[in-house]
Structures are given as structure tokens and as C-alpha cells.
Amino acid sequence: MKKVVRGFYSVAYAVKLCKPNIICAYPITPQTEIVENLALMYANGELENCKYITAESEFAAASILVGASAAGARTFTATCSQGLILMSEVLFNAAGMRLPIVIVNTNRALSAPLSIWNDLQDSMALRDAGIIQVYVENNQEAHDMVPQAYKIAEDKRVRLPFMICMDGYKLTHAYEPVDLLDQNVVDSFLPPYSPEVYLTTKKPVAFGCYAPPHIYMEFRVAMQRAMERAKEIMEKVFADWAEVSGRNWGGHLEVVYPDSKNFVIAMGSIVGLLRKVVEELRNEGISVGLVKLRTFRPFPVQELRKSLENAEKIIVIDRSVSFGYEGNLSIELKSALYGMSPEVISFILGLGGRDVPKDFLKELVKNAILGKEKSGFKGFKEFEEVIP
Amino acid sequence: MKIRLNIGAISEPLQSEQFKTGDWGTEWSFVDREKCTACRVCEQFCPDGCIEVKEIEGKEVAVVDHNYCKGCGVCASVCRYGAIKMELKELFKVDVC
């Protein structure tokens with residue numbers, strides 16, 4: 001059923017269809033409306049066999065979900081920015097305990113200075129947690145990712161938390177036509193969550209127990225192997241989803257114009273803008289393609305190497321930075337392409353919701369291809385540092 | 001031979017018994033059986049639950065299980081009868097310059 005809805009509703013509605021047992025969250029802009037809508041559905045009795053718990057902080061929300069997930073519940077939360085990093089201590093635990101909690105992170109800049117607007121700095125900070133990260137381009141993709149996230153995270157061979165990253169405001173608050181899924185489509189795709197081992201008084205167990213040096217390392221190796229298995233399982237789930245829903249979002253990557261000499265690579269909603277940029281540049285006779293990176297963890301190294309094997313120049317669009325080094329995606333990409341020899345130019349732009357107009361982006365990409373633009377921050381005002 | 005690894009470090013009850021923590025600390029607690037009144041305060045306070053009041057030679061006394069005692073000294077500090085002393089383990093009785 002196609003409707004014009006805002007991004008937060010497309011997520012909330014998809015979560016409802018996945019029949020979660022415990023939803024727990026703490027409000028934070030621009031995520032709040034996701035859980036607000038779920039709370040409304042809960043109050044209206046639309047969520048059967050579900051409990052909505054209000055928490056006193058994101059730390060508490062994540063902790064409640066760890067308990068709930070360990071007790072065998074299908075769990076959901078949404079957060080971003082300061083909320084996500086407040087959850088981080090718990091989320092590293094959730095990954096280690098191998099709990100398939102699904103989180104929607106509505107990407108927002110980190111403090112300080114305080115910003116409620118969009119960039120990808122928050123989820124990048126959780127890069128090494130052992131959480132699967134998928135970045136979506138539009139609200140239909142966000143909607144479609146929710147059942148897939150549960151299916152992947154809850155797979156016995158995976159059992160890791162799953163974070164769907166969608167750009168705050170740019171997606172969450174944008175009105176878009178979204179084909180809302182039918183309950184029976186989701187039911188046929190996503191079986192109920194029934195772990196073999198869970199917290200119960202009938203057969204008591206403890207999760208995430210103490211591991212001295214002689215056994216700790218093995219658990220971390222197991223997490224890495226689970227991530228590697230997830231890479232394959234995700235491809236299969238993505239393909240199954242294309243069949244069930246009729247919408248094919250590609251694999252870990254989507255490559256547009258694969259035979260190009262130059263490529264732009266990016267994640268999230270800015271990919272939509274880059275599609276237009278690439279079209280216009282091609283009309284000007286410039287050979288440029290686009291790589292939309294969907295899966296950031298596990299990082300699809302082989303897929304990237306294959307797609308970019310003939311690339312002469314790669315322009316990375318980063319919306320986050322590892323201070324003291326460079327844009328996060330650029331770091332990852334260069335590492336993945338080690339031994340290959342394309343020129344990699346990295347642009348860091350759009351931080352804290354800084355507008356990235358299409359013509360500005362087009363000029364940047366064009367000039368980079370023509371060898372007239374160097375890596376670095378783009379679209380900021382020159383300044384002199386003063387102590388007031 | 002491959003070891004069996006419980007995913008998510010999921011553990012069944014009483015597994016912690018296998019973790020002998022008695023070699024952690026530099027000191028161990030020892031109970032003076034003459035002074036001990038078996039009041040059970042140390043038994044209650046021991047954070048590792050490794051003190052138990054038992055009958056030995058016809059008298060109830062506190063017994064420290066050195067397989068698990070981490071040498072924290074809580075028992076010695078709560079004993080009202082001065083019956084528990086912390087003693088340096090032989091291993092640590094070395095001259096340090």
C-alpha cells in the first residue's frame with residue numbers, strides 16, 4: 001500500500017510488522033518520532049504480545065534491551081548521537097553476548113558544539129563494537145531494512161546486534177512515497193524469534209560471563225567469524241527480500257555505471273544526490289560511476305576490490321572524520337584497496353547538517369576528476385582561531 | 001582437540017567453581033581457632049563466599065577456602081575478636097631492593 005509518509009513513520013510501521021516483544025527507548029531528536037509512533041501504536045493496542053518500556057536514559061534503554069533479548073524477546077530501540085554513545089558501553093556488551101537487538105540510528109552529529117543536525121559521526125564511533133551497520137538511502141529502503149535486519153541478526157550463525165543507519169532529518173523527517181509492507185509478506189519472510197538458550201528459571205544461565213586470559217580471545221575470534229558469516233548470509237537475505245518484496249536494493253554495494261574510469265563512493269542519503277550528479281557529469285562526457293556502500297560492517301572488501309578493479313580515480317564522500325587522520329570511509333576504502341593503485345580523493349563535507357547543494361557537489365567531483373581539487377574538508381568558511 | 005565455546009559467553013550455574021581465584025592476591029586470611037567465636041560475621045561479609053563456619057575437633061570455627069580467597073582482607077577488618085589475620089603468601093616473601 002503506497003502512502004506518502006515521513007521517514008520515522010516508515011520505520012515505526014515496519015517495526016510494528018516485525019512484531020517486537022520489547023520496545024524500549026529514550027527520546028532524542030531526530031529519532032523521537034520513531035518511538036513516539038510506536039508508543040501510539042502500542043497505546044492503540046496494535047502491538048500484540050509486546051511491551052513498551054520508557055527508560056530514564058539511553059544507557060538504561062540499552063540495558064533493558066540486553067535483559068529482554070537475553071530472555072528471548074525480539075527487541076527494538078532507536079537512538080542517535082549522544083544517545084548512541086551513551087548506549088555504547090551496553091552495546092559492546094550486547095555484541096559480546098551475541099544478542100540480536102535491532103537499533104535504528106538516525107545519524108546526527110556529536111557534541112560539542114551541540115548540534116541536532118545530520119552527519120555520520122555517531123555511528124562511526126561504534127564501528128568496532130561488533131554491530132552490523134547498514135546505511136540506507138531513502139525511506140523505502142529504511143522501511144525494507146527492518147525485517148531484513150531481524151532476519152540477519154537473529155540468524156543462528158550470526159547473532160549480532162544490527163544497526164540501521166538513516167540520516168537524521170534528511171530521511172527521518174522527509175515526506176516520501178513509501179510502499180508500506182503487508183503483514184503477511186513480513187510474516188512469510190520473518191519467522192518468530194525463538195532462541196534455544198535464554199534467561200529462564202527453568203534452566204538458569206548467565207550471559208556474557210567472566211573470561212580470563214586463557215579463554216577471552218576465543219570469544220572475540222567467534223565474533224569476527226560471525227561477522228564474516230553475516231557477510232554471506234546478508235547477500236542471501238538481500239536476494240530473498242528482492243523476491244518477496246519486488247524491490248532489489250542490491251548487495252552490500254550498488255554500482256551504477258560499473259564500466260566507468262572514475263567513481264564516486266558514498267553512504268546514506270547523499271547517494272540520492274550523487275545519482276543526479278553522476279548523470280549530469282556523464283552528459284558532459286565525463287566517465288564517472290557511483291558506488292553506493294550499503295553495508296559498512298561487515299566491510300565488503302572483496303566486493304569493493306572487484307567493483308573498483310579498473311578505477312583510475314575514486315572520490316570518497318565522507319560525512320564524518322577521524323580527527324588526526326581523515327574521513328572514516330576513506331580510511332576503510334584505502335585499506336580495502338591495498339595493493340591496487342587508484343588515486344583516492346577524500347572529501348569531508350556536510351558535517352553537522354551543513355548543506356551540500358547539488359551544483360557544489362558536482363563541481364567538487366568534476367574538479368577532482370580533472371585533477372583540480374585536493375582531498376580535505378569542503379564547504380566550510382575560512383576562519384582564524386581566537387580565544388575570546 | 002577443539003574446545004567447546006558457549007556463544008555469547010553463556011554460562012550454566014556453578015561454573016565459577018572452576019575458576020580458582022586463590023592465587024590472585026598477595027595475602028591470605030588465616031583464622032585463629034582459639035579466638036574465633038563462630039559468630040559468622042566474616043562468613044556474611046566475604047565477597048567471594050569462601051568462608052564457611054564448620055565444626056572442627058568439636059568446635060565451630062570459621063574456615064577460609066584458600067582455593068578462592070582473593071586476600072581482600074574484609075574478613076579481618078570485620079572480625080570483632082581479632083581472630084582473623086592477613087598473612088603474606090610464601091611466594092611474596094622476597095627481599096626487594
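These legends describe close-up views of a predicted model.

**View 1**

**View 2. The largest nonpolar core.** This core holds 112 residues. Phe162(A), Ile164(A), Val264(A), Ile265(A) and Ile317(A) touch the most other members. Helix α1 (residues 7-17) of chain A supplies the largest share, 8 residues. Domain 1 (2-245) and domain 2 (253-377) of chain A both contribute residues, so the core lies between them.

View 3. Neighbours within four places in sequence are left aside here. Ile265(A) is then in contact with Val291(A), Leu293(A), Ile314(A), Val316(A), Ile317(A) and Leu333(A).

**View 4. An open sheet in chain A.** The sheet has 6 strands in the order β9-β11-β10-β13-β14-β15 (chain A), and the pairing is mixed. At the edges stand β9 (253-256) and β15 (376-377) of chain A. Each has a single partner strand, so one side of each is left without a neighbour in the sheet. Strands β13 (residues 313-318) and β14 (residues 343-348) of chain A run parallel and are joined by 6 bridges. One of the residues of this pairing is Asp318(A), whose bridge partner in β14(A) is Ile348(A).

**View 5. Helices packed on the sheet.** Helix α9 (residues 270-283) of chain A touches β9, β10 (262-266), β11 (288-293) and β13 of chain A. The direction of α9 makes about 170° with that of β11(A). Helix α12 (residues 358-369) of chain A also packs on the sheet, touching β10, β11, β13 and β14 of chain A. The direction of α12 makes about 150° with that of β13(A).

**View 6. Where chain A meets chain B.** The contact takes 16 residues from chain A and 9 residues from chain B. Helix α8 (residues 213-245) of chain A gives the largest share of the chain A side, 3 residues. That side divides into 11 nonpolar, 2 polar and 3 charged residues.

**View 7. Cis peptide bonds in a loop of chain A.** A cis peptide bond joins Ser111(A) and Ala112(A), with omega about -10°. The bond from Ala112(A) to Pro113(A) is cis too, with omega near 0°. Ala112(A) sits in the loop between β5 (102-107) and α5 of chain A. Pro113(A) is placed in the loop between β5 and α5 of chain A.

View 8. Phi of Arg159(A) is near 50°, a positive value in a residue other than glycine. Arg159(A) lies in the loop between α6 (139-154) and β7 of chain A. Arg159(A) has 21 other C-beta atoms within 10 Å, so this residue is buried. Phi of Glu57(B) is near 50°, again positive in a residue other than glycine. Glu57(B) lies in the loop between β2 (51-56) and β3 (59-64) of chain B. With 6 other C-beta atoms within 10 Å, Glu57(B) is exposed.

How values were computed
Residues numbered from 1 in each chain as written. Chains lettered and ligands numbered in written order. Predicted model: local features only at pLDDT ≥ 70, side-chain atom pairs only at ≥ 80, totals over all residues. Contact = placed C-beta atoms within 7 Å. Helix = DSSP H or I, 4+ residues; strand = E, 2+ residues; numbered from the N terminus. Nonpolar A, V, L, I, M, F, W, Y, C, P; charged D, E, K, R; others polar. Core = buried A, V, L, I, M, F, W, Y, C linked by C-beta atoms within 7 Å. Buried ≥ 20, exposed ≤ 12 C-beta atoms within 10 Å, placed from the backbone. Domains from an automatic or database assignment. Pairing = 2+ DSSP bridges. Axes fitted to C-alpha atoms, helices over the stretch in contact; angles between N-to-C directions.
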